[in-house]
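Please look over the protein shown below.

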Amino acid sequence: QVAASPAPVAATRSGAPKRASGGAVSLTPDGRGHYFAPIEINGRVARMMVDTGASIVALSAEDARRFGVIVPHNAPMARISTANGVVTAPRLRLAEVRLDTIVVRDVEATLLPEDVRSHSLLGISFLGKLSGFQVADGELLLKP
């Protein structure tokens, strides 16, 4: 599937991405110090929490539906640790994940069970494909 071109981004509210030099994107934390970003998958957008402690992108059941993500019937299952304990969840690959101007292809992800109440997490399976990311002056800078 081909994703639409990113729309211009306003940096007026906490957590909204700002474009930085070299195609990088900068995020400002919310009031609790968490970084959220509008993430596009399959041409649809949902707000995900950037989590450098998560080894994989983890989609809530609600966001998976919003993104139109379909889990293959033969998807491998994995045991993953969440804030709610250890759960079994299907693993899948996302063809493309977009954060404003940053596009990462072939991203490993997991689909959290319906009963796990969690934000979708943008983990290392996405972040590790960037050239770098760092927190400086209170902002998270993501480099394509």
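**The whole chain**

The protein chain has an accessible surface of about 7,800 Å², and carbon and sulfur atoms hold 51% of that area. Such areas come from the Shrake-Rupley method with a 1.4 Å probe; for residues, only the protein chains shown count as cover. This is a predicted model: local features need pLDDT of at least 70, side-chain atom pairs count only at pLDDT 80 or more, and totals for chains, interfaces and linings use all residues. Residues are numbered from 1 along each chain as its sequence is written, and side-chain values use heavy atoms, with hydrogens and water left out.

The chain has 144 residues, and 42% of them are buried. Buried means under 20% relative accessible area, exposed means over 50%, and partly exposed lies in between (1.4 Å probe, protein chains only). Take the contacts in the chain with a separation of 6 or more: 52% of them join residues 24 or more positions apart. Contact here means heavy atoms within 4.5 Å.

**Helices and strands**

How many helices and strands does the protein chain have? There are two helices and 11 strands. Helices (H or I, at least four residues) and strands (E, at least two) are DSSP runs, numbered from the N terminus. Along the sequence the pattern reads β-β-β-β-β-α-β-β-β-β-α-β-β.

Strands of a sheet pair through backbone hydrogen bonds, either parallel or antiparallel. Two strands pair if DSSP finds at least two bridges between them.

Four strands form an open sheet in the order E1-E2-E11-E10, with antiparallel pairing. Strand E1 (18–19) and strand E10 (132–136) are its edge strands, and each pairs on one side only. Strand E2 (residues 25–27) and strand E11 (residues 139–143) are joined in the antiparallel sense by three bridges. Leu27 has Leu140 in E11 as its bridge partner.

Now turn to strand E3 (residues 36–41). Five of its six residues are buried, so the strand is mostly covered. E3 pairs with strand E4 (residues 44–50) in the antiparallel sense, over six bridges. Pro38 stands opposite Arg47 in E4. The charged end of Arg47 also sits over the ring of Phe36, 4.1 Å from the ring centre. That label applies if NZ of Lys or CZ of Arg is within 6 Å of the ring centre and within 35 degrees of the ring normal.

Most residues other than glycine have a negative phi. Asn42, in the loop between E3 and E4, has a positive phi near 55 degrees. Asp137 also has a positive phi, of about 55 degrees, although it is not a glycine. Its place is the loop between E10 and E11.

| Residue | Relative accessible area | Class |
|---|---|---|
| Phe126 | 0% | buried |
| Ser120 | 1% | buried |
| Ser26 | 7% | buried |
| Asn42 | 33% | partly exposed |
| Asp137 | 82% | exposed |

**Two serines**

Ser26 is part of strand E2. Its side chain makes a polar contact with the side chain of Glu139 (2.5 Å). A polar contact is a pair of N or O atoms within 3.5 Å; within protein, one must be able to donate a hydrogen and the other to accept it, and residues adjacent in sequence count only if both atoms are side-chain atoms. Beyond its neighbours within four places in sequence, Ser26 is in contact with residues including Ala16, Pro17 and Lys18.

Ser120 lies in the loop between strand E8 (102–111) and strand E9 (121–122). Which side chain does the side chain of Ser120 meet in a polar contact? The partner is the side chain of Asp63, at 2.7 Å. Neighbours within four places aside, Ser120 is also in contact with Met48, Met49, Ala58, Leu59 and Ser60.

**A covered phenylalanine**

Phe126 belongs to helix H2 (residues 124–127). Why does Phe126 count as buried? Its relative accessibility is 0%, under the 20% limit. Leaving out residues up to four places away in sequence, Phe126 touches Val57, Val97, Leu99, Ile102, Val104 and Val107. Phe126 and Ile56 are 70 residues apart in sequence, yet 7.4 Å apart in space, C-alpha to C-alpha.
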